[in-house]
Amino acid sequence: MEVSQTTSSQAQEQKMSRWLPAKRTLYLLFLGALILVYTVFIWYMERINLRLSDLAFPISNLQEQLIQFLDIFIRVVRHYVPIILGWMLAYELALNLLLNLFGLPDRAKASSLLRRLRDPRQAVGKTISVSSLNLEAKRPESTRLWLGGPGRVSIVNGNVAVTEINGRFYRVIASGKHALNRFEYIHSVLDLRPQDRTDPEVILHSREGLELVTNVSATFRINAPDLTTSIQQPFPYDADIVRMLAYNKFNLPGENVSSWEDNALAAVRGILYATVSSFYLDELLQDVLSEIGTHLTIRRDVEREARIKLRDQGIDLIRVRIGGFRFSDDVTELRIKNWRTEWENQARLMRAEGEARAIEEME
């Protein structure tokens, strides 16, 4: 899948690079022929027939050439003034349209976008390097990332990008340099390397409903089934899985949006909460210092269930780490009271048994 996507992308770029010069040449030839026909038409329409010999005063050869040039300029070139003014007006209107329609910060950005739209080859030498870490930070600085192509971008090694055209999925591009088509927008860039996410404070509840706190960490990566690494592609990927993860986002309170990394850690937290809630407080406290026994069982169960759930979402879970369980002061005090009551009951029972045995021996 990844090889076919890369081959299709390269073929499309080569086709565009071959087509643009030919299209530009035909356009210039047509424009030159149109200017020539228009000039000849004006020449015959003006009926220029200047006779300098009829002048009452003699003139030099240089003056004669200057007069002829001025006559031709006044009669012929003046007909190009409306065309030039119309072109300037059309350019200003297009510039203002791009400036206001897309909310660009200044006229320089709008002029750069208009120039690239008219001739994508002018942006070939300007390559913007993007990754999953700097994409959102670079968007306001570049119209190529804010609105889309044409232009060249470079995807850093170990990353993969998902692009759109008119708000719809277009293609998946691997690491390296790529030419974006007109208004081809980079929707997101995903990191193919193993990711590590940590939540330092996860609130859980025992089976009795008592609150406890721990920390959880998860190491995971984008799943690439049946794909092996190579020198050309050290981080293989499946284009369908990358596309699914790129759109696996949820709106959070405010203007925040969750990513696939956040969703992976959230899935681990959810399974951990459900697993811990099936244990009584005594079972969670019996190995709170050594972190074996029940703690090890919980970690293994959470890792197994989370790995199965995340694999269906296109994520390969590598490892889950769970810290020691911490309890609030109220829970600790309550537990101490329960222990004291339990020991007092055992001591009272032992005294009763001793008294009964003594009475029996006396009898």
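Tutor: Let's start with a term: contact means heavy atoms within 4.5 Å. This is a predicted model, where local features need pLDDT of at least 70, side-chain atom pairs count only at pLDDT 80 or more, and totals for chains, interfaces and linings use all residues. Residues are numbered from 1 along each chain as its sequence is written, and side-chain values use heavy atoms, leaving out hydrogens and water.

Student: What do the buried residues of H10 pack against?

Tutor: They pack against helix H8 (260–276), helix H9 (281–285) and strand S11 (315–322). Helices (H or I, at least four residues) and strands (E, at least two) are DSSP runs, numbered from the N terminus.

Student: Why is Leu31 called partly exposed?

Tutor: Buried means under 20% relative accessible area, exposed over 50%, and partly exposed in between (1.4 Å probe, protein chains only). Leu31 has a relative accessible area of 32%, so Leu31 is partly exposed. Leu31 sits in helix H1 (residues 2–46).

Student: Which residues of H3 are buried, and why do they line one face?

Tutor: Leu95, Leu98 and Leu99 are buried in H3. Down the axis of H3, its buried residues fall within an arc of 100°, so they line one face. That arc is taken from the directions from the helix axis to the C-beta atoms. Helix H4 (107–118) is among what covers the buried residues of H3.
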